[in-house]
Structure formats: structure tokens, C-alpha cells
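Visitor: I would like to learn how to read a model like this one, feature by feature. Could we begin with a helix and work outwards from there?

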Amino acid sequence: MTTIRRGGPAGPASSGEQASPAPRRPTTRCGTAWSTPSSDAPLPADPRLARELLDGLAEAVVTTDHAGIVTLVNATAGELLPELTPGTDLARCAVPALASAVRRGGETFDTEHRGRRLRGVCRRLAAGRCAWYVRDATHPELPHGRR
């Protein structure tokens, strides 16, 4: 009889000892096994999947092209920052703290907007593009700041 150890070599079981089954990998609520992330793995080419993933985030996501023009907003951004739509010049947008951060080349902003406390951070992307990730921090004791 052979035993199986996770992360180690298989070996003989001592006499009279039952081989224990290999430990089960944790699963997500969707039933898929966890896997090790790999930046080398190919990304799905399905734009509907990308949209579903972005719209499922609790954070607002706003991307811009190299000129600072909004190219994408997810559903949360549509709720928290309805003034931002594709084609908006972020440096001239109707969210003063965000527009100011963009104009000065800042990477963060913190503001009150439409009765909510918002905190944003910019991540530089390839080809001069940017992604702004904005959290609702109105009620920090609640998940994602929302009531």
C-alpha cells in the first residue's frame, strides 16, 4: 500500500495502516478548485466575461487612455461616480478631487461626493493608460463602506 502526502513524495504505509486519502483542495462557492495564480496563463477572450467580472467588483473601476479620456467604467463606478462616462476627460471631470489628482499627476484622492466618502488610487497601465480604483469609505465598519 502507498500513502500520499500533499506536497511530498508518496511512500509505503506501515503494515496494518490504512492509506489516508489525499486532502481535498478548498473550493470556492462556485465549486471550482483554487489554483495558483499565474501571470503567464492566457486570459479569456470573452468580453462578456470581462464585463461580468468588472461589474461584480465592490470597487469602482475607471480606466483611461494615454490622453486621460475615460474608456471604461464598471457598474460600481456608474453608481458612485455617474458623471464619469466613456469619453469624459478625467482632468476636467465633475469630481473636483479626482480631476485635481489627475491634473497634478497624483496617484490618490480622498473626497466627499454625493453624500459619500470616496477614496481612490491610480495604477499605471501599459501604453500610458491608467486605472482608478475607487472605494466607498462612508461606513468603514461595513464591508466596502456601504449601508
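Guide: In α3, the residues L98, A99 and A101 are buried, where buried means under 20% relative accessible area, exposed over 50% and partly exposed in between, with a 1.4 Å probe and protein chains only. Helices (H or I, at least four residues) and strands (E, at least two) are DSSP runs numbered from the N terminus. Seen down the axis of α3, its buried residues fall within an arc of 160°, so they line one face of the helix; the arc is that of the directions from the helix axis to the C-beta atoms. On the other side of α3, P96 and R103 are exposed.

Guide: A word on the source: this is a predicted model, in which local features need pLDDT of at least 70 and side-chain atom pairs count only at pLDDT 80 or more, while totals for chains, interfaces and linings use all residues. Residues are numbered from 1 along each chain as its sequence is written, and side-chain values use heavy atoms, with hydrogens and water left out.

Visitor: What do the buried residues of α3 pack against?

Guide: They pack against β5 (108–113) and β7, contact meaning heavy atoms within 4.5 Å. L98, for example, touches L84, L90, C93, F109 and W132, not counting residues up to four places away in sequence.

Visitor: Which residues touch the most other members of the largest nonpolar core?

Guide: In soluble globular proteins, nonpolar side chains tend to be buried together. Here the largest nonpolar core has 20 residues, of which V62, L81, L84, L98 and W132 touch the most other members; such a core is a set of buried Ala, Val, Leu, Ile, Met, Phe, Trp, Tyr and Cys residues joined through side-chain atoms within 4.5 Å. Among the elements that give two or more residues to this core are β3 (60–64), α3 (96–103) and β7 (130–136).

Visitor: How many disulfides are there?

Guide: A disulfide is a covalent bond between the sulfur atoms of two cysteines. Counting pairs of cysteine sulfur atoms within 2.5 Å, the total comes to zero disulfides. C130 is in no disulfide, the nearest cysteine sulfur, that of C122, being 3.8 Å away; at 9% relative accessibility, C130 counts as buried.

Visitor: Which phi does R114 have, positive or negative?

Guide: Most residues other than glycine have a negative phi, and most peptide bonds are trans. R114, although not a glycine, has a positive phi of about 55°; R114 lies in the loop between β5 and β6 and is exposed, with a relative accessible area of 59%.
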